[in-house]
Amino acid sequence: MDRFQALFRILSGKIKSAGGTGAPDPVPRSGGMGCDSEGSGFRPIPKKLSSVEREAGEALNFPRDPDAVLRRVKSRSGEEALAVCISGLTDEARLDEFVLQPILRSGLPLTPVAVMQGVIEVGEVRREADFNAALDAVRRGSAALFFQGADSCLILGLHGFERRQVGEAKNEQTVLGPKECFTECIKTDVALIRRHIASAELVVEQAPVSNISGTRAVLVYHFSAAKPEVVEKLREKLKEMPSAVYLTGGTAEQMLFGNTLSPMPRVLLTERPDRAASHILSGRIALLIDGSPEAVILPITLFSLMNSPEDVYMNRAVGSLLRVIRYLGALLSVLMPGYFLSLALYHQGILSTEVLSTVVASRRMVFEPIGAELLLLLIIFQLIREAGQRVPGSIGQAIGIIGGLIMGQAAVSAHLASSVVLIIVAASGLGNFCIPDYRTQLAASYIRLAFVISAWLGGLLGMTSALIVMLARLASIESFGMPYLAPLSPKRRAARPALFRGPITGGAIGRASGKSEDVM
Amino acid sequence: MKYPPNSGRAGLIASVGTALFFCGVFSIEGTRAYAQNVPTYIAIPLALLLSLAPVLLAARAMKRAGARNLGQLMRFSFSRVFCFAASLSLAAGALFAAANPLADCARVLHKLVYDGAAYRSILAFVFVPLAVLCVKGLACITRTGLIMAAPLAASVAAALLTAVPGYDTARLFPLPGCEIIDAASFTASYSFAFLPVLILSLVFPQNPGTHSKTAVKAALFALPFITLSLLAVRLSYPAAMLGGISMPLYRMGLVRPGPGFLLRLDKLLIMLWLAGSIISAALLLRCAGELLSDALGVRKGLTAFMLALICIMSVLAEAHGAERTAVIRSYLFIYGALLTLVPTAAASLAALFKRRMA
């Protein structure tokens, strides 16, 4: 019952702060709709319009800043109003047509309530009593309308800056399912999630972040599915974030979990609204940051990072098979080079005579030790991959082909590398690309290097040692109270094995919270 | 509040079961067991069941005293000085129980896999994960133990199945019953080998009354693996040969006729079992470390790390002073478990007595 009351409070608060044609009082002191930050403390709006003009001009660096616009208008009744906006951020044509011209034509007295109810023709409008908050809203693209003798102003949602259109997901491509992706505009991103979850229990609340760049962020979660203690903990962590950092998905993760040396991602960064919606419905929280085209999903487990949206869009058998192949690929990627090195260096007895003779024959004339050869090729593979990502699209593909085929062939011909080791590195690289999450791919690459070095030092014993250390490390990670290896370890009651996809049963809201990994 | 957080009972059962398996199969004092022709495949499972008795007593005492772990029971029963002495005694028992399987694995690795390497180098590779696990804590150990439980079970099953062509029932002769007194004596003495694991599993904080369930489930989890492994060993080798073979479970695949792909994978088995030994040792040492740190008021991670260091040093010392340490080991094998039995039984009885007095 308490939860529903709280939900009602949240929702009713939003409706009030949204303004529009509802009752105008009480006047809020800071922004609504989860969009505007609270500024630097409350500051009353000066009653004299000339004071407002002077102070707003100082705050917006007018007239040195050519984009700052401060325009006085006088109505037929002879009363004055001041419109403040920033050119390029605000849609000036709409400001003229729907705000300034109606005021010029109006014979009504110019008060915030009268203008809001009977003069201007703007849908998104609210009253604001805090001068700092009003200026913050202006800096974010709204227009502010001040009146002579009034202790509040109107904030008009006339954002008009250029933004990227909703496009196709590039980093998480799928054959089936929706293709759209998040943009850098937080309002668009929230709208994309709302389209997927049209529920009264979807909560969108302003994240309590205060940073030097004034970047806005919102928390999106399902009221019944998300654990309240996790939401509260996240709020606390966000409050403690240092302000002198530019906020993006990546920096938010580092600030939430501390600057550890662990390469494993602790949050899921997704550019797909359908994936974010799926996680929200299974009890996770999405942190959307203005200017960042990914949603930060948390808490997560390692298995969330290994899932792909396509697992769910395919039928159960095919989805499970895809997952098994992906896990095999990941294991190959991490363990195969080290395992091969162990066998070749320390445990030749495990290899058959035929394989051993092939390895020996392929390494004839190769000058460097096999460990160095393997490490060198792995590093070159990383170089090719990095180079391919940094250069423009078609050239990047060409670099991959040139690096993979021509350089590999040339290295074998020049006896810089053996063909067997090249095959091992290529297979390991392919396995690495099976991992759906980019940052997990990178983490797997670094772990692979650690395994190769351990194998070089101690063969299978070194690998066993490294494997236990890695498992211990993974087992000790927690993401907002959720163990990283759950539901495998610790076991979760009613959890399905993460390796296979479970049936889609419906009516599953709130069931997850770490119990099931059958989300995208 | 649950502690360790999110460790889960399944992880605890799997880790304790793994430790019991390694104590049951890898720590056998072969000379004594097989020279007397003891049917280990009966005696050792019986010993495991027998060793549950003191644990059930301790669990009952904890339930009566409302203690959530062994440390609370000790503080309830003993004064501060006695509590410290009991913790020290339990830590010594844990050290012995942890070092045994580790030493067996390291010895086999040194002899059969890395014959040219220095023993200390092998132990260095063992020490790193052991120390990491000890420092990370009980939740980490049980989670790692749960992940490794399935591969370990699969590796034991693989070892038993690949050796099937080499089994010969004639090797079981003379049948159990011929040396009944020796077998009974062996069972009684071996029951103490499992005690450190079972008793130290009580260090995990749980709701009063659930400790006994955890211990029984772990024992039942380990029991079939122990029985089948020991039976397979006896089916593979005659008793006369087994006395001189270290880790016969690993080597029984060698009696399989003809070469084969699976036979070549034997080194993977030993690596997996080494991983299991390390997790078992870490579990024991961390539990002992928690008890000691409670008594001493120092950091748990530091105490567990020091115990891991002492454990590895003692394994190294055993290899260097084989003659002397073999004698010490055989004495410890018989009487060492008293180190865990006496303080636990005393604490349990004292708690039950105190409760009745109250």
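1. The crossing between helix 14 and helix 15 of chain A is right-handed (the near helix is turned clockwise from the far one by less than a right angle). In this predicted model, local features need pLDDT of at least 70 and side-chain atom pairs count only at pLDDT 80 or more, while totals for chains, interfaces and linings use all residues. Residues are numbered from 1 along each chain as its sequence is written, and chains are lettered from A and ligands numbered from 1 in the order in which they are written.

2. Helix 14 of chain A covers residues 370–390 and helix 15 of chain A residues 393–413; their axes are 7 Å apart, at an angle of about 160° (axes are lines fitted to C-alpha atoms, for helices over the stretch in contact, and angles run from 0 to 180 degrees between N-to-C directions).

3. By class, the contact of helix 14 with helix 15 of chain A holds three nonpolar, six polar and no charged residues (Ala, Val, Leu, Ile, Met, Phe, Trp, Tyr, Cys and Pro count as nonpolar, Asp, Glu, Lys and Arg as charged, and the others, Gly among them, as polar).

4. Chain A also has an open sheet of five strands, in the order 1-2-4-5-3 with antiparallel pairing (two strands pair if DSSP finds at least two bridges between them). Strand 1 (68–74) and strand 3 (125–128) of chain A are at the edges with a single partner strand each, so one side of each lacks a neighbour in the sheet. From one strand to the next, the twist averages 25°.

5. Strand 3 of chain A is joined by four bridges to strand 5 (residues 153–156) of chain A, and the two run antiparallel. A:Arg126 stands opposite A:Ile155 in strand 5 of chain A.

6. For chain A as a whole, there are 17 helices and 12 strands (DSSP runs numbered from the N terminus: H or I of at least four residues for helices, E of at least two for strands).

7. On the chain pairing, 26 residues of chain B are in contact with 21 residues of chain A (C-beta atoms, placed from the backbone, lie within 7 Å). Helix 6 of chain B gives the largest share of the side of chain B that touches chain A, seven residues.

Note on methods: Two residues are in contact if their C-beta atoms, placed from the backbone, lie within 7 Å.
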